[in-house]
Each structure stands twice: as C-alpha cells, then as structure tokens.
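Visitor: Please show me the model. I will keep asking how you know each thing you say.

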Amino acid sequence: MGSPFIEPGLMNNSQLAFMTLVYAVVLYQASGMIAGGSEMLQLVPSIAGIVGSIVLPILGAVPDGMMVLFSGVGPNAQETVAVGIGALAGSTVMLLTFPWFICIACGRVPLKDGKPDWSNKEPPPLCGSGIAFAKTIKKNTKIMLATTVLYFVIQVPATWEESLGASDKEQGKREHQPAMVGIICCSVAFVLYLIASFVDANEDKQLLEVIKGIEKKQISIAAALSFIQSSSESDKEQALLETNTRLKKICRPFFKRYDYNGDGSLGVSELKPLLHDLGYYPNVQTVDELLRDQDANGDGEVSFDEFVKYLYDFMLDEKKMSNAPQFAPPHVRKAAEEEDDDEEMMPEDLVNLTPAQQLRKILIRATWWMSVGSVLILLFSDPMVDCLSEWGNRLNISSFYISFVLAPFASNASELLSAYTYAVKKTERNMTTALSTLVGAACMNNTFVLGIFFALIYVQGLCWKFTAETIAMVVIQWIIGLMAYTSKTQNMVKGVIILLCYPGCLFLVWSLKNWAGLD
C-alpha cells in the first residue's frame, strides 16, 4: 500500500510551499494538543508532580525526536538525516534564544542597585531595566552544559575516522560501537535528569504548599518548621544545610512583603506584624529580645539572614517549639479560608461537577488530546522531513539550514507564546519558571533526541558527518549557559546578545564548513 502523502518531487514550487505550510501547521497544532493535555493533567494533585517533571519534558521532545527518527529511515537516509540534525540544532538554539529574549524584553522592570525592582510598575526604560531569576537556573544550566559532552561520544571517533580517509560506509561500520556507547550514555543521562527534575518538582511543590498554608493562616511558622525538620536528610551536616535553604525559601516572600524600601532589613514596628503573618504571636518583650539578640551590627534593624538565624535557633529549641502555636487562631483561619486561592484554574465546563466527575473528565480529555497529538506527529513528521529535504535539493542549499530555520517554529512555536505569557506577569518566580522550561528543553534535546540519533547510527549504519553543526550547537549552549550561570540579572544588552546567537549559530556552521573545511 502506497503512502497517502504526495511525493514532494512531483510538486511544483507553489504546491511544495503550500504542503510545507500545511504540514508545519499540523505539527504546530499537534504539539499544542500534547502540551495542553499534559498541562491539564497537572490539575490532578496526585500526579501533578510526575506530569510536570517527567511527562511534560518527554512529550515536549517528541516532535523533534520524531523528525530526527524519520529523517534517518528512508532509502537516502545518509542525505536526509541532515534534516534531523537541523531540527535538533534549530530546536535547541531557537528555544535558548527567541523565547529567552522575549522573557527579557517583555518581562523587564527598572533596575535598582543592579537588581530588578519588581514592585515598580512604571514603564521600564530601554537602558537600566532587566529581569532576574532564582538560583535553580544555575543548577539547570550546569546540567545543560554537562549534557553537551554527549555529542563528543560520537564526534571524537568520527573525526578520527575522517582523518584516516575512511569512506562513508566504512565510517558507519566503525562508528557502530561508539553509537552504542552513546545510546547508553544518553539513556543514563536522560533517566538521571528526569529523577533530578522529579525530586526538585516535588520539593518545590511541598514548600509552595507550606507557603500557601501560611498565607491563608492555616498553619503557623512553627508548623512549617516542624515540616522542615521532618523532611530533612538523615545526615546531620546535610540536614543543617537543607534546613537553612528551605527556611529561606519559606520566609523570603513574607520578609519582602514588609521590606517596603527594599534594603533587606526590618525595624521593630515591622517585625511584629511579620511574625503575625507567619502565624506566631509574640509579645513586645519577645520582639525586643529578637532584635537585641539578632541585631549583630547594632543598627536597630534585623536583616533577612539575621531573621532566618533567629527562626533556625527557634526551631532547634524544643521548649519554644512546643509552646508555639501550630495553627493560627480559628477565627483568623476561617476568614483566610474564604480568600481566593491561587491554584490552577479548572476549565469552566468542569467547575460545577463533583471532584470524581472532574477527575474522570480531565483524564479522558487529557488522554484524548495527547493521543491525537502524538498520532498526528507520527503521521506528519515523515512528509515534513521529505518536504524540507526537497527544498534543500531545489535551492541547492543543505537541508540542514532549511530544517534549522523552519522545523523549530513548527514543533516549538508554542514556547514563544508561553514565554510571553510568563514574562508579562513580571515576577521572579514566573521568570524562573519560563527559563527553567527552556533550559530543560535543551537538556532533553541533548539526551532524549540525541539518543534517537545514536540509535539511527547504530541500526542504519549511518556515519556522523556533522562536525561543524556539533561545534556550533555546543558553542551556543555554552555562551548562553555561561551568561546565565555568571549573572542572575539579565538586561536588554544581554538579551540582544542571546538573540543574535540564533543567526550566529547558522553563520558559525557556514564558516566552519566553507572556511575551515569541516564536514
């Protein structure tokens, strides 16, 4: 039985352009269905952690993975696989440049002492404005940079074989074992990344629930401290480090709320309502003692670190912990429970259903969306690869460049809208979420999608002839990664540099091929 899709070689240029656009739109809609179904599953509390840390990253990489897979299974696989490497490189670089620039351009606020003033809602100036993100971006960036090493598992032996003058067929045979090593390495890195993401997601979710509980006056800081103690590592030294880190995460939003001038310290008049906000109700004498004991520099104010130290010492004092209120007074708690909660919004047509009915509808709808989206990607990735390859032949341009430009905007265009949605909220938390997603996508490409490439080399006997592409991909990731690692504040100058990395990658590939003579 023949393919239901028209052979690109039989079309004229207008027909080929039209069908390329059709396939791109279908892939875009299919990617959106997968993302929408996955996000809907996060409305189910029991699986939200798994969905956010494991399901979403995997399904997000499926479109690029399928394009890579189908680029290497045809009769001319050694030629058409250039479409796959273009999709891999284009997706990685596009996600780290365009959405990142959108986050900076649309989410920037005026800078104060070199840091974003998130409370300033005035229109930000072009110069003197920027964004900032949490330390988790540095951790994710280190993982991304570490996974770039996986490219050299195949690149080093491929370069050696080329230096010996081996033919494509001979090189393919000799790269058999390195490809298997690459499959194993990518699989291990992929699993380790998912485990790390799962652990981080669940810990962040637990801390967020504690913060919400305090905000709603449902639990006090004493109850939160008990949670920190019970969930810390058994190793004493590691437990002390974890406790201090978690304590800072819980207390920082409340401390900032009363630090009106943003100088990082509070006076006596501000400490008492802060402690009330945390669910602890000390008398004047207790507040005075706190100020006297913790005000190390004698300036009459308590810094954030001094305040955290007080709570840390408080937590270690069993007598104080036993006397402290574990819950807020009933009348306060009841009033707080009537406040609106900042949770995921349930679709309007499901709001009036019972919890059991909502769960069933969510599972059915999410499964349907993800299934249809996955089927569409499986069906249309192959003809899309054929169209991109045909454009390369007709324009006498390597299909790598065609795929680099077109494929990512078909499979990852939703990330541009997502970045804008997070950016306009102009908070450090939303900025961190947006950028974490982008860095995570690069990690998935460096493990999951690259692993598919290694499998093609192993099974199909293909040879790796993408030295210039490999160097360019790794260089761009290291440039952006180091910019994120060395500074958590990003201004428009850095945003423009990051954006220019996209055309810069193409120029670097072209230069290495045409000037340096690399394959």
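**Words and cut-offs**

Guide: Val199 is found in helix H7, which covers residues 176-215. This is a predicted model, where local features need pLDDT of at least 70 and side-chain atom pairs count only at pLDDT 80 or more, while totals for chains, interfaces and linings use all residues. Residues are numbered from 1 along each chain as its sequence is written, and side-chain values use heavy atoms, with hydrogens and water left out.

Visitor: What makes a stretch of residues a helix or a strand?

Guide: Both are DSSP runs, numbered from the N terminus. A helix is a run of H or I with at least four residues, and a strand is a run of E with at least two.

Visitor: Why is Val199 called partly exposed?

Guide: Look at its relative accessible area, which is 45%. Buried means under 20%, exposed means over 50%, and partly exposed is in between (1.4 Å probe, protein chains only). The value of 45% falls in between, so Val199 is partly exposed.

Visitor: What makes a nonpolar surface patch?

Guide: Its residues have over 30% relative accessible area and no salt bridge. Nonpolar side chains (Val, Leu, Ile, Met, Phe, Trp, Tyr) are joined within 5 Å, while like charges are joined within 9 Å. Here, Ile184, Val188, Val191, Leu192, Ile195, Phe198 and Val199 make a patch of about 600 Å². Accessible areas come from the Shrake-Rupley method with a 1.4 Å probe, and for residues only the protein chains shown count as cover.

**Charged pairs**

Visitor: How do you know that Arg174 and Glu161 form a salt bridge?

Guide: Their closest N and O atoms are 2.9 Å apart. A salt bridge is a side-chain nitrogen of Lys or Arg within 4 Å of a carboxyl oxygen of Asp or Glu. The distance of 2.9 Å is within that limit, so the pair counts. Arg174 lies in helix H6 (residues 168-174) and Glu161 in helix H5 (residues 152-163), so the pair ties together parts 13 residues apart in sequence.

Visitor: Is Glu161 buried or exposed?

Guide: Glu161 has 10% relative accessibility, so it counts as buried. Arg174, at 45%, is partly exposed.

Visitor: How many salt bridges does the structure hold?

Guide: It holds four. Another of them joins Asp168 and Lys465, with the closest N and O atoms 3.4 Å apart. Asp168 lies in helix H6 and Lys465 in the loop between helix H18 (428-460) and helix H19 (467-486), so parts 297 residues apart in sequence are tied together. Asp168 is partly exposed at 36%, and Lys465 is partly exposed at 27%.

Visitor: What about Lys513 and Glu469?

Guide: Their side chains meet in a salt bridge of 3.2 Å, N to O. Lys513 sits in helix H20 (residues 492-514) and Glu469 in helix H19, 44 residues apart. Lys513 has 25% relative accessibility, so it counts as partly exposed. Glu469 has a relative accessible area of 2%, so it is buried.

**Contacts and cores**

Visitor: What makes two residues a contact?

Guide: Heavy atoms of the two are within 4.5 Å. Take Ser399, in helix H16 (residues 399-411). Leaving aside neighbours within four places in sequence, Ser399 is in contact with Glu79, Ala82, Val83, Leu388, Ser389 and Gly392. Its relative accessible area is 9%, so Ser399 is buried.

Visitor: Why is a set of residues called a nonpolar core?

Guide: The members are buried Ala, Val, Leu, Ile, Met, Phe, Trp, Tyr and Cys residues, joined through side-chain atoms within 4.5 Å. The largest core has 74 residues, and those with the most contacts inside it are Leu88, Trp100, Leu450, Phe453 and Trp464. A second, separate core of 29 residues includes Met67, Val83, Met370 and Val385.

Visitor: What stands out about the phi of Asp113?

Guide: Its phi is positive, about 55°, although Asp113 is not a glycine. Asp113 lies in the loop between strand E1 (109-112) and strand E2 (115-116). Its relative accessible area is 76%, so Asp113 is exposed. Lys426 also has a positive phi, of about 50°, and is not a glycine. Lys426 has 23% relative accessibility, so it counts as partly exposed.
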